[in-house]
Amino acid sequence: LVLLSYVFEGEEELEFFSMPSDVRHHSMKGKFLKLELGYEQKPIKLFVRDEGSVEASSECIVFLHGLGSSSFIYRHIFPHLVEKNYHVIAIDFPGSGLSEKPYLDLGWGIVSIFRDIFSEISEKGLFWRFEQLFESGTFPDPVTSMNRKNTLFYNAEELADSVDQVVNLLCNKKPLHVVLHDTSVESGLTWINRIPSLVRSITLMDVFPGIPSFPAAILNFPLLSSLMLCSPYLQHIVLSQCCMRNPSMSETRNHAFLLKYKHGKKTTLQTWKSGNSSFDVVSSIERLSGVPVQVLWSNTSGRGWYKLGESLASRLHNVSYVSHNGGRWPQVSLLMLFYFLNNYIGAGLERRISNLGV
């Protein structure tokens, strides 16, 4: 099973020309920013789609995605908001989508250790370890010295740092309207509480810490997850049952590509394990002193999920609640455009938009 999982997984990086056409078009619309994150503040390339007005008077809308997805899910919304003179930003978190994905690979025992040693020799030379022994008096551990310092742990603080750096680079102290989807609520609110004076409104889109729509537990099983990523039909079953309503096969292939792109399966699993299921959304929002909040919640994902949304909305102040039937990834459908433009822009910013053409 171990050997089969390596065969199916394919460790080689997937290049630009092998991207599905929709993903390639999305990547051409965005850009990469170099940030400094993690244990040693090492540089990492983050993909950002940044469009719309750059005038100081314009307002900035920041979109954050949940586990197993990326900025790609917001691509249909961009043109409509850019037409309304908004500055729109969607971020691929570190370890997601097209962003760089350093990962901590503890691997399969001695095989992983030999692989780490080989990588270290290739990067630092044959005698680096002995030099460290003479300088510090200790012999560095292979895994901790080579992996832990060169990776991210994908916790809320690190992900919040990535958003903070992107917004500082691109928004220049503009008023912010923040859209948090799925598990991004933890890192998103961690970041928002650092800059509360800039935030004008928050939209919570099917969010609940520790309960991602994408079934990340599958990724714990190497053979099963590899088979899923290699089979469009299995991918389609997972996405249609857990995330989207009636996705097309091309849409399924797009998201499967982004999930496995450059070790994405490993970093998605690490992000899931780093999440805090006890994170208190309500108390975090209450610290923001009356920022208007909109809750968008799926009514097609089971009665239990629907009750969670109603319970969350009832505990928040200054909130508007909208249920939708677009699944827990509603951004990919035109239905989501209707709800977002008509309710978020209309209620959150106190404007009404007519004749949506949807």
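This is a predicted model: local features need pLDDT of at least 70, side-chain atom pairs count only at pLDDT 80 or more; totals for chains, interfaces and linings use all residues.
Tutor: A residue counts as buried when its relative accessible area is under 20%.

Student: What makes strand β4 an enclosed strand?

Tutor: Buried means under 20% relative accessible area. Five of the five residues of β4 (residues 87-91) are buried, so the strand is largely enclosed by the rest of the structure.

Student: How do you know which faces of β4 are covered?

Tutor: In a regular strand, side chains alternate between the two faces of the sheet. In β4, H87, I89 and I91 lie on one side, V88 and A90 lie on the other, and all are buried. Both faces of β4 are therefore covered.

Student: Why do we say that β4 pairs with β2 and with β3?

Tutor: Two strands pair if there are at least two bridges between them. Five bridges join β2 (residues 42-52) to β4, and four join β3 to β4, so both cases meet the definition. β2 and β4 run antiparallel, with G52 opposite H87. β3 and β4 run parallel, and V62 has I89 in β4 as its bridge partner. From β3 the chain passes through helix α3 (residues 78-83) to β4, in a right-handed β-α-β crossover.

Student: Why are β1 and β8 called edge strands?

Tutor: Eight strands form an open sheet in the order β1-β2-β4-β3-β5-β6-β7-β8, with mixed pairing. β1 (31-37) and β8 (319-324) are the edge strands, and each pairs on one side only. The twist from one strand to the next averages 20°.

Student: What makes β7 and β8 a pair?

Tutor: Pairing needs at least two bridges. Six bridges join β7 (residues 293-298) to β8, and the two run parallel. In this pair, V293 stands opposite V319 in β8.

Student: How do you know that the length of helix α11 is close to what is expected?

Tutor: The expected span is 1.5 Å times one less than the number of residues. Helix α11 (residues 249-260) has twelve residues, for which 16 Å is expected. From first C-alpha to last, α11 reaches 17 Å, which is close to that value.

Student: Which residues of α11 are buried, and what covers them?

Tutor: E251, T252, N254, H255, A256, F257, L258 and L259 are the buried residues of α11. Their cover includes α2 (21-29), α9 (222-230), α10 (232-242) and α12 (264-274). After α11 comes K262, with a positive phi near 50°.

Key: Residues are numbered from 1 along each chain as its sequence is written. Side-chain values use heavy atoms; hydrogens and water are left out. Buried means under 20% relative accessible area, exposed over 50%, partly exposed in between (1.4 Å probe, protein chains only). Contact means heavy atoms within 4.5 Å. Axes are lines fitted to C-alpha atoms, for helices over the stretch in contact, and angles run from 0 to 180 degrees between N-to-C directions. A crossover is right-handed if, with the strands pointing away from the viewer, the path from the first strand over the helix to the second runs clockwise.
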